[in-house]
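Please open the model in your viewer and keep the selection tool at hand, as this tour moves from one selection to the next.

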Amino acid sequence: METLKKVAVIGLGNIGKAIAGDLVNNSRNVIVASRNDEESAGFAQQSHGFAQSMDIDQAINTANIIIPAIGFGAFKEFFNDHGNILKGKIIIDVSNPITPDGNGGFKKIIGEKESAGELNRAALPQGAKLVKAFGTLGAGSLAGASNSNPEKAVLFYASDDTSVDKDIEDVIRNAGFDALKVGGIDQSIRIEVFGDLHEFGALGKTVSLAEAQSKL
């Protein structure tokens, strides 16, 4: 029987809870970690045994796939703080480089043609691999669209290293979505907020695999 890679979700804000919750609801074991140990322990206690709470360093050391469910601006600090133990890890970047615009919407905090994926790739600790995924939907859709019927919703992803694609697609499918690759990290801008393949961009909604393939 094939052994699935161990996944750790670091951070239990809205996005982190949605991702970890989707995995737990689909019987995929997950490690959860937070700066608030009580928060991660409480999540694990409600997971029917599918989530294990650890501190952040322990979670990174134990898992193969690390999902820092943190804001774009926190990635540099995360890489600096944990770079020595991220070597050999697959890091899933869920971030979107946005901030509230003061009018009920959002604005980009980087250049119009820049992407969080490419900037985080440039700052990546040596020996780690970056994948852009799970940021193509808002937290509400990540939680609510998992296991959609009659057709599953799609989560797009981007990666430069094709050797990780199967592992990423396993995680996406175990979260209750269909997976569709858009290309390398240089395509990240398409699946970040305001991009043509983002729920809060030109796409404007969750889509099925057939709908998604027609957009590529």
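In which strand is the place of Pro 100? Select residues 98–100 of this predicted model, and you will have strand S6, which includes Pro 100. Colouring by relative accessibility puts Pro 100 at 56%, and because exposed means over 50% relative accessible area, Pro 100 counts as exposed.

Keep Pro 100 selected and display what surrounds it: once its neighbours within four places in sequence are left aside, Pro 100 is in contact with Gly 105, Phe 106 and Lys 107. Next, draw a distance from the C-alpha atom of Pro 100 to that of Asp 160, which lies 60 residues apart from it along the chain, and the separation is 30 Å.

Now go to helix H7 by selecting residues 165–174, where Asp 165 is found. Is Asp 165 buried or exposed? Its relative accessible area is 11%, and because buried means under 20%, Asp 165 is buried.

Finally, select residues 75–82, which form helix H4 and include Asp 81. Asp 81 has 45% relative accessibility and therefore counts as partly exposed.

Conventions. Residues are numbered from 1 along each chain as its sequence is written. This is a predicted model: local features need pLDDT of at least 70, side-chain atom pairs count only at pLDDT 80 or more; totals for chains, interfaces and linings use all residues. Side-chain values use heavy atoms; hydrogens and water are left out. Helices (H or I, at least four residues) and strands (E, at least two) are DSSP runs, numbered from the N terminus. Buried means under 20% relative accessible area, exposed over 50%, partly exposed in between (1.4 Å probe, protein chains only). Contact means heavy atoms within 4.5 Å.
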